Amino acid sequence: MREAIDIRAVLDRSRPALARAITLIENDRPGAAELMAELSRHTGHAHVVGITGAPGAGKSTLINALVGEWVRRGRRVAVIAVDPSSPISGGSILGDRVRMDEHGSREEVFIRSVSSRGHLGGLSLHTGRIIDAFDAAGFDIVLVETVGAGQSEVEIRHFADSNIVVCPPALGDDVQAIKAGILEIADLLVVNKADLPLAERTVLDLTTAMRLRHRQGPPVQVLRTVATSGEGVAALV
């Protein structure tokens, strides 16, 4: 049975209507293709920011800080947090949004957790469609947090206008191991938890790695943040 979605309510950022629309899209239910055809006429305005990096780098906490900074600047922000699914049950805890709920009740913020459902590349199968739904609904910024990514989870590069790769301190020799993969998609590199030991060494390693890359244009900047205190977040925005 096809579920009726009020397009006008979605475009007006009605939270219930938008939530139902995303559920329809995520599960590819009858009517999803027709809904996307309607919404696609209103897309092309949002700036999509991909947030990716290794597990434990503090991506969710950093996103929470970024959302707060953008809201203070008068922006409407949507977040898509992609969580890994269990290879056994297929389920997902969807726990990333717990670190973002400080802003979840704001009218200008919408946070949606989705499961990767076994889809490779760091995203879920219908992440692109969900991005378009938020874009059509008039959000200025759409933040997409990938699952904890390794060298090859780089699908976000197809969807984001700006890609931020978040790295933990003490990355060490791992820089050499991953520079041929996820580091190549970075528009900005962020060493989060920069108040911890070895953070400066990680900044130096990443800066050196970026200078050795064959890339047109200026070298990729390496920034420092401490997401828990907000240090460096304004500069990152």
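Modeller: Let us begin with a term: a residue is called buried when its relative accessible area is under 20%. Please keep in mind that this is a predicted model.

Colleague: How many residues does the protein have, and what percentage of them count as buried?

Modeller: The protein has 237 residues, and 50% of them count as buried. Its secondary structure consists of eight helices and seven strands. The accessible surface amounts to about 11,400 Å², with 50% belonging to carbon and sulfur atoms.

Colleague: Which residues of helix H3 are buried?

Modeller: In H3, which spans residues 32-39, the buried residues are Ala32, Leu35, Met36 and Leu39. Viewed down the axis of H3, these buried residues fall within an arc of 95 degrees, so they line one face of the helix. The general idea is as follows: an α-helix has 3.6 residues a turn, so residues three or four places apart point the same way.

Colleague: What covers the buried residues of H3?

Modeller: The cover includes helix H1 (7-11), helix H2 (15-26) and helix H5 (127-136).

Colleague: Why is H5 described as largely enclosed by the rest of the structure?

Modeller: Eight of the 10 residues of H5 are buried, so this helix is largely enclosed by the rest of the structure. The buried residues of H5 are Thr127, Gly128, Ile130, Ile131, Ala133, Phe134, Asp135 and Ala136. After H5 comes Gly138, which has a positive phi, near 95 degrees.

Colleague: Let us turn to a loop. Where is Thr146 placed, and is Thr146 buried or exposed?

Modeller: Thr146 is found in the loop between strand E4 (141-145) and strand E5 (162-167). With a relative accessible area of 1%, Thr146 is buried. The side chain of Thr146 also makes a polar contact, at 2.8 Å, with the side chain of Thr52.

Colleague: With which residues is Met210 in contact, leaving aside its neighbours within four places in sequence?

Modeller: With those neighbours set aside, Met210 is in contact with Leu183, Leu189 and Val220. Met210 is buried, its relative accessible area being 5%.

Definitions and conventions:
Residues numbered from 1 in each chain as written. Predicted model: local features only at pLDDT ≥ 70, side-chain atom pairs only at ≥ 80, totals over all residues. Heavy atoms only, no water. Helix = DSSP H or I, 4+ residues; strand = E, 2+ residues; numbered from the N terminus. Buried < 20%, exposed > 50% of the residue type's maximum accessible area, 1.4 Å probe, protein only. Polar contact = N/O pair within 3.5 Å; in protein donor to acceptor, adjacent residues only side chain to side chain. Areas by Shrake-Rupley, 256 points an atom, 1.4 Å probe, with all protein chains shown as cover. Arc of directions from axis to C-beta. Contact = heavy atoms within 4.5 Å.
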